[in-house]
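Let's work through a structure together, one exercise at a time. Try each task yourself before you read its solution.

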Amino acid sequence: MKSLFSLLFGLLLIVAPAAAQELSPDALVRKVTEDVLSVVRQDKDIKSGDTRKAIALVDARVLPYFNFQRMTALAVGRDWNKATPEQKKRLAEEFKTLLVRTYSNALTSYRDQTVVYKPSRLQPGDTSVVVRTEVVQPGSRPIQLDYTLEKQDESWKVYDVVVAGVSLVTNYRDTFRQEVSNHGIDGLITMLADRNQQLQVGKK
Amino acid sequence: MKTCLATRVSCLACGAAMIAASGCATTANNPRDPFEGFNRAMFAVNEGLDVVVKPVAQGYDTVAPLPVKVVVGNFFGNLWDAWTAVNNLLQGKGQQAISDVGRVLINSTVGIGGAFDVAGEMGLVKHYEDFGQTLGRWGVPDGPYFYWPLIGPRTTRDTFGWMVDTYYDPVWRLDDVPLRNSLVGTRYIDMRASLLPSDKVVEEAAFEKYNYIRDAYLQHRRSELFDGELPREALEDESSNPAGTQP
């Protein structure tokens, strides 16, 4: 009897972490949002515009749930398939740096907004889903904030963030396509890297 | 009936500018933006005006306590809710129109002239419609993209939509000119103030501000046409094939 109990307990230990990784897309978006906001609400530095601190927060709490390879592919569009694996890696790395900065900057302007979560229409067997949320601010129109997630090896990862109908990812598509047609994939990598460096030097 | 001179003048000005712009179509990189030269010039004009407008908006944002800003936003929002109701009706969205009428009735009375969004607390969701969206629902295409001084980006369709919005705008129809002007001014500053948080994001996210704003505006309007429920495929229509996403 005792051994059965310990066996069950052992099973629980094995199963519990696995279950934690398999959060539903809705639950995942809610958890990450609430995690981040609970930190921002209490952090005066972030609220007064400390971008570096906001980036550290995003790195720790948000990045693990994002699929930047997929995001970059979406932003680059058709030209993505022309890139070598090495170029893809560098593109994704630079694009990640840029997006993390954008996302972190948005956090520093957080004031008294609340986030409303709308139930997603996830069907069993779906491997991609949009989770819709709304940032509510008294006196203003609510801002729609949607996350598109894809199932990857049993866990869901975000690969697009859409603010008021504007995808932070696909909004770059025309600019990127133009750069690739003018200066090739390497030109695009250089453009991203230069921009990131410029922002890093210019701001704290 | 009182005709609104300001609207007429601005309509004429926009019309004239459209004709002028169509005469000087030059090198365009984006097929949706054939008058890029003209638009970039107007963009520069607006950036210049913003040197004055932005500090005023920042001042308002800093000085006015939150409850004041909320009341100001609600007041103008309530006026627009009535116009949203009309447009929802014109688009055949009867249920939303009824809800919008309910919002205006409740907020104008219990909400003291629209100062408080009581209807929202009661669960009547706020919608946003304008005449440009109504035209879109009726099948009118976007047409070339424009960037206007003061009002900013608009497609051709939305420019006409904006003219109709302004023509029926109760604020512009006020007989008391000083009151009208101060309300128009307050609303403009309130609107500019609400855009302050996105300024920094755009400054850093954009490789080129003009392009970024144009592309974002066009995406935003497309999404509004679908009431925010844009089919996912529409966004990904040119995406690389998923198999290619692996390194």
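This is a predicted model: local features need pLDDT of at least 70, side-chain atom pairs count only at pLDDT 80 or more; totals for chains, interfaces and linings use all residues.

**Exercise 1. Work out how many helices and strands chain A has, and in what order they come.**

Step 1: start with the count. Chain A has 7 helices and 5 strands.

Step 2: walk along from the N terminus. The pattern reads α-α-α-α-α-α-β-β-β-β-β-α.

Step 3: check how the chain folds back on itself. Among contacts in chain A with a separation of 6 or more, 57% are between residues 24 or more positions apart. Of the 204 residues of chain A, 33% count as buried.

**Exercise 2. Describe the sheet of chain A: what is the strand order, and which strands stand at the edges?**

Step 1: The 5 strands of chain A make an open sheet, ordered 1-2-3-4-5, with antiparallel pairing.

Step 2: look for the edges. Strand 1 (114–117) and strand 5 (166–167) of chain A each have a single partner strand, so one side of each has no neighbour in the sheet.

Step 3: recall what holds such strands together. Strands of a sheet pair through backbone hydrogen bonds.

Step 4: follow the pairing from strand 2 to strand 3. These two strands of chain A are antiparallel and share 8 bridges. Here A:Val135 sits opposite A:Ile143 of strand 3. Their hairpin has 6 residues between the strands, and A:Gly139 has a positive phi near 85 degrees.

Step 5: carry on to strand 4. Strand 3 (residues 143–152) and strand 4 (residues 155–163) of chain A also run antiparallel, joined by 8 bridges. Across this pair, A:Thr148 faces A:Asp160 of strand 4. This hairpin has 2 residues between the strands, with A:Asp153 at a positive phi near 45 degrees.

**Exercise 3. Find out which strands helix 2 of chain A lies across.**

Step 1: trace helix 2 (residues 25–42) of chain A over the sheet. This helix lies across strand 1, strand 2 (128–136), strand 3 and strand 4 of chain A.

Step 2: get the angle. Helix 2 of chain A runs at about 40 degrees to strand 2 of chain A.

Step 3: look for another helix on the sheet. Helix 5 (residues 68–76) of chain A packs there too, touching strand 3 and strand 4 of chain A. The direction of helix 5 makes about 40 degrees with that of strand 4 of chain A.

**Exercise 4. Decide whether helix 5 and helix 6 of chain A are roughly parallel or roughly perpendicular.**

Step 1: take the crossing angle. The two helix axes cross at roughly 95 degrees and come within 9 Å.

Step 2: compare with the cut-off. Angles of 65 to 115 degrees count as roughly perpendicular, so helix 5 of chain A is roughly perpendicular to helix 6 of chain A.

Step 3: name the residues in the contact. Helix 5 of chain A brings A:Phe68, A:Gln69, A:Met71, A:Thr72, A:Ala75 and A:Val76, while helix 6 of chain A brings A:Leu91, A:Ala92, A:Phe95 and A:Lys96.

Step 4: sort them. By class, this contact has 7 nonpolar, 2 polar and 1 charged residues.

**Exercise 5. Turn to chain B: what is its make-up, and how many residues does each chain give to the contact between them?**

Step 1: count the elements. Chain B has 11 helices and 2 strands, and 28% of its 247 residues count as buried.

Step 2: count the contact residues. Chain B gives 38 residues and chain A gives 36 residues.

Step 3: see where those of chain B come from. Helix 10 (209–225) of chain B supplies the largest share of that side, 9 residues.

Step 4: sort that side by class. The chain B side divides into 13 nonpolar, 14 polar and 11 charged residues.

Terms used:
Residues are numbered from 1 along each chain as its sequence is written. Chains are lettered from A and ligands numbered from 1 in the order in which they are written. Two strands pair if DSSP finds at least two bridges between them. Helices (H or I, at least four residues) and strands (E, at least two) are DSSP runs, numbered from the N terminus. Two residues are in contact if their C-beta atoms, placed from the backbone, lie within 7 Å. Axes are lines fitted to C-alpha atoms, for helices over the stretch in contact, and angles run from 0 to 180 degrees between N-to-C directions. Ala, Val, Leu, Ile, Met, Phe, Trp, Tyr, Cys and Pro count as nonpolar, Asp, Glu, Lys and Arg as charged, and the others, Gly among them, as polar. A residue is buried if 20 or more other C-beta atoms lie within 10 Å of its own, exposed if 12 or fewer, and partly exposed in between; C-beta atoms are placed from the backbone. Angles under 35 degrees count as roughly parallel, over 145 as roughly antiparallel, 65 to 115 as roughly perpendicular and the rest as oblique.
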